[in-house]
Amino acid sequence: MKLIVGLGNPGKKYDRTKHNMGFMTIDKLMDEYGQTQMKKDFEAEYCKFKVDGETVFLVKPLTFMNESGRAVNFLMGYYQIKPEELMVIQDDLDMPIGKVRLRTKGSAGGHNGIKSIISAVGTKDFSRIKIGIQHPAKQTVVNWVLTPFSKDQEPVALSGIDKASDMVKDWVSGLSADQLMNKYN
């Protein structure tokens with residue numbers, strides 16, 4: 001099984017904000033996999049389908065960023081998904097806009113969604129795709145992450161979502177984390 005969780009905040013007012021890079025990547029993956037509907041359960045919106053015999057879940061927690069772990073833990077428990085079958089897609093303040101990097105374990109690095117997942121799942125050993133949103137020059141971090149990209153920044157951000165989507169599809173198709181890191185990092 002493959003549980004792909006995009007982090008973000010639910011609601012129209014957060015749709016295209018920097019903190020919703022994970023949700024935007026899930027939307028792109030839904031389109032690329034031909035999925036049109038999500039089910040609401042386990043404090044999340046998700047869809048479940050097969051790719052070459054592999055069960056794939058695309059998930060958007062509905063608990064807001066700081067409580068993302070609740071939804072992830074519910075789904076992992078119910079479907080008996082192991083940490084090595086989990087891939088989380090998150091925004092990252094410490095990377096330039098649109099830069100993408102895969103990590104297979106580690107600390108939350110200050111990201112509250114990842115902190116919540118580590119706490120709920122009980123391990124730091126799960127893969128995450130980080131999409132850069134860069135640190136704000138003049139705004140507070142909260143204001144920065146909860147606003148959309150500028151017209152100049154948006155194409156670069158969207159290229160990061162494209163790359164993250166490609167990375168997920170390669171993982172679903174059987175590439176290992178090491179192979180993904182060699183190809184994309």
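Buried means under 20% relative accessible area, exposed over 50% and partly exposed in between, with a 1.4 Å probe and protein chains only. By that cut-off His19 is buried, because its relative accessibility is 15%.

The model is predicted, so local features need pLDDT of at least 70 and side-chain atom pairs count only at pLDDT 80 or more, while totals for chains, interfaces and linings use all residues. Residues are numbered from 1 along each chain as its sequence is written, and side-chain values use heavy atoms, with hydrogens and water left out.

His19 lies in the loop between E1 and H1; helices (H or I, at least four residues) and strands (E, at least two) are DSSP runs numbered from the N terminus. An unreviewed UniProt entry places the feature "active site" at His19; such annotations may be inferred rather than shown by experiment. Contacts of His19 (heavy atoms within 4.5 Å) include Asp91 and His111, not counting residues up to four places away in sequence.

In H1, the buried residues include Phe23, Ile26 and Leu29. Among the elements that cover the buried residues of H1 are strand E5 (86-92) and helix H5 (154-172).

The whole structure holds nine aromatic pairs. Rings of Phe, Tyr and Trp (its six-membered ring) pair if their centres lie within 6.5 Å; planes under 30 degrees apart count as stacked, over 60 as edge-to-face and the rest as tilted. Two of the pairs are tabulated.

| Pair | Centre distance | Plane angle | Class |
|---|---|---|---|
| Tyr46 and Phe57 | 6.3 Å | 40 degrees | tilted |
| Phe57 and Tyr79 | 4.7 Å | 55 degrees | tilted |

Phe57 lies in strand E4 and Tyr79 in helix H2 (residues 68-79), so this pair ties together parts 22 residues apart in sequence.
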